[in-house]
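Have the model open in your viewer and try each task before reading its solution.

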Amino acid sequence: MAERVLFDLESQLDIVDEFLRQSGSFDTQCSDDTIRHIRQFVFKTPAVSEIGIVTPRGDLVCNSFGVLAKPMYLSEPIKKRGLRYHGPIISEFLQVPAFVLSRTRHDGYEVNALLPTDWINDTLHLRKYKALDFVAVVDTDTGVPVFLQGRYSLPLNRKIFPLRRSIEMEGLFDDQSHKYLYIKPFNSVPRLAVVVSKPARYLGMPNPLWLLVLCLLYMASWAGLVVLLNYYDKRLLSSRTLLLDAINRAELFNVYQPLVNAQNQQVEGVEVLIRWMHPLEGELGPAYFVPEAERDGTILELSLYQIDLALRNLKPILVENSHFKVSFNVNGFLLMCPSYIKKLCEAKAVFNNLTIELTERDVLSEAKIKLILKELVDMGIEIAIDDFGTGYSGLQYLQSFPIDLLKIDQSFVASIGLDNLQSPVLNAVIEMAEKLDKKLIAEGVETAQQAHYLLERGVSVHQGWHYYKALNINDLKRVL
C-alpha cells in the first residue's frame, strides 16, 4: 500500500523533473516562445502552479505569468547539478502551502517549479487508503510534513530524522498508541519521503500460507542478490570501458582555475581540473564521472592522461614564466601507484613549481603515504591539503606530515560577513597556519568583501569567481 502511494506521487515528480531537465534549452531572455512553453506545461500539469527562471545572481526574471517588470531577488542558485527540493513554504502569489523543485543549468541559471500541496489529495486518490492512520510527505532532514492527511505521530524513544534510508517498524507512538510505520525517500528527490502508518491491531502473526510466502520471498531475495551482483560487475566493466573510450577519443579536456595574487591581481599559477565533453550529455563536471572512476580504478588512467594534457597545454606558458605554479588533485590510491609517481617525476622536470593537493582523509588513510610524501618533498614537489578544516584538522598530523600549504575551504570563506558558527573558524585557521609557518590559499572567493577581508589578514593567494572561473587553455593564455 505504501509503495502504491510512493509510485503515484513519484510519477508526478518525474514529469516535473523531466521538464526541468529540458529547461537547459530555454532562452534566458524570457522570449515569447519560452513563456509560451512554460505556460503550456503549467496548464497541462496539475501538480505545478508556476515555473520560474532565476539568474546566477539569484534574481527571478520571469515565470509562467510573464516577464517581471522588476526582477525579484530570491536566492543565489546552488552551484550543484541534480534535482533539489526547498520547502515547505507559503506561496506568495497563491497564499497556499507549497514546495519547490529546481535544477541549476550549465550556465548557472536555475529553473524552478512551484508545487502547491493541495494537489496531492487529488493525485493520490487518498480515499483508496482508508485503512491508513495517516499519510504524509515529509522533509527527510527535519521530519516536517510538506503534506499530511490524518493525525501525524512518530515512534517514541527512536530518532528517525534526519532520514538516510527506508524504515519499517512497529511500536508505541507519541500519541500512546501502537502502530505500524513505513517511511521511504523518493528516488528522484531524496530530501522528500512518504510516511504511512496504520494501527498495529491490523497486524498479526502470519498464518501458514504467509509463512510459505515469506519462505518463497527469502529464496527470491537470494536469487535477486545473485542477479544484482552480476549486474554490478557488468556496470563496473561498462563504466570503465566508457571512460577509457572517452580518453582514447580525446573527449576529456583540462580546464585551469587561476591562482591570483590579490595584492597585484596577477595570475601566479593554476589548479588543473578535468572535464568531459560527452557526445550526448554535453560538458560534464568531475562530479559526474570521477567518483565512478575512483570506484572502478579508472582514476589512474584518467590522472595520467590529465598530466600529459597539462604538459602539452602549459609548456608555452612556462617558456614565459618558469615559476608558474601548477597544481593537481591527488588521492591516496594514486600515491600508491608507481606509474603515477613516475608521471609526477616527469611533470616535475617541466613544472618547476609543482603542487599536489590531497584531502585530510587521503593523508591519514595509509601510513606508507607519509614516506611517499617525504620522497616527493625531497624532489621539490609541494604538498597541499585541499578543503582544509572540513576533515580531521588535527595539529598532530600537520606537524608530522610534510605539508607545505593549506587551502581554506570555501565554506569558511563564504562565512565572511555572516554571523554564524563558521565565522570564527576561519580566523582560527589563518592564525594556526601562521604559527605553524604554513602557506595559505583561499578557495571560493566570490566577492570583493571576502577578498579584502582575507588580504587584510595576510591571505594573499585567492581562487574563485570574483577573479576567474575555470578557464580553457586558450582563455588562460589570453588572460596571461
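**Exercise 1.** Which residue forms a salt bridge with Lys343?

Solution. Bear in mind that this is a predicted model.
- Step 1: look for the partner. Lys343 pairs with Glu346, and the closest N and O atoms are 3.3 Å apart. The cut-off is 4 Å, so this distance qualifies.
- Step 2: Lys343 and Glu346 both sit in helix 8 (residues 338-350), 3 residues apart, which is about one turn of the helix.
- Step 3: check the accessibility. Lys343 has a relative accessible area of 13% and is buried, whereas Glu346, at 36%, counts as partly exposed.

**Exercise 2.** Find the salt bridge between Asp33 and Arg36 and classify both residues by accessibility.

Solution. 
- Step 1: take the N to O distance, which is 2.1 Å for the side chains of Asp33 and Arg36.
- Step 2: locate them in the helix. Because Asp33 and Arg36 are 3 residues apart in helix 2 (residues 32-44), about one helical turn separates them.
- Step 3: apply the cut-off. Exposed means over 50%, so Asp33, at 51%, is exposed. Arg36 has 43% relative accessibility and therefore counts as partly exposed.

**Exercise 3.** Asp17 forms a salt bridge with Arg103: which elements does the pair link, and are the two residues buried or exposed?

Solution. 
- Step 1: start from the contact. The closest N and O atoms of Asp17 and Arg103 are 2.7 Å apart.
- Step 2: trace the chain. The pair links distant parts of it, with Asp17 in helix 1 (residues 2-22) and Arg103 in strand 5 (residues 97-104), 86 residues apart.
- Step 3: Buried means under 20%, so Asp17 is buried at 7% relative accessibility. Arg103 also counts as buried, at 13%.
- Step 4: The whole structure holds 27 salt bridges.

Notes:
Residues numbered from 1 in each chain as written. Predicted model: local features only at pLDDT ≥ 70, side-chain atom pairs only at ≥ 80, totals over all residues. Heavy atoms only, no water. Helix = DSSP H or I, 4+ residues; strand = E, 2+ residues; numbered from the N terminus. Buried < 20%, exposed > 50% of the residue type's maximum accessible area, 1.4 Å probe, protein only.
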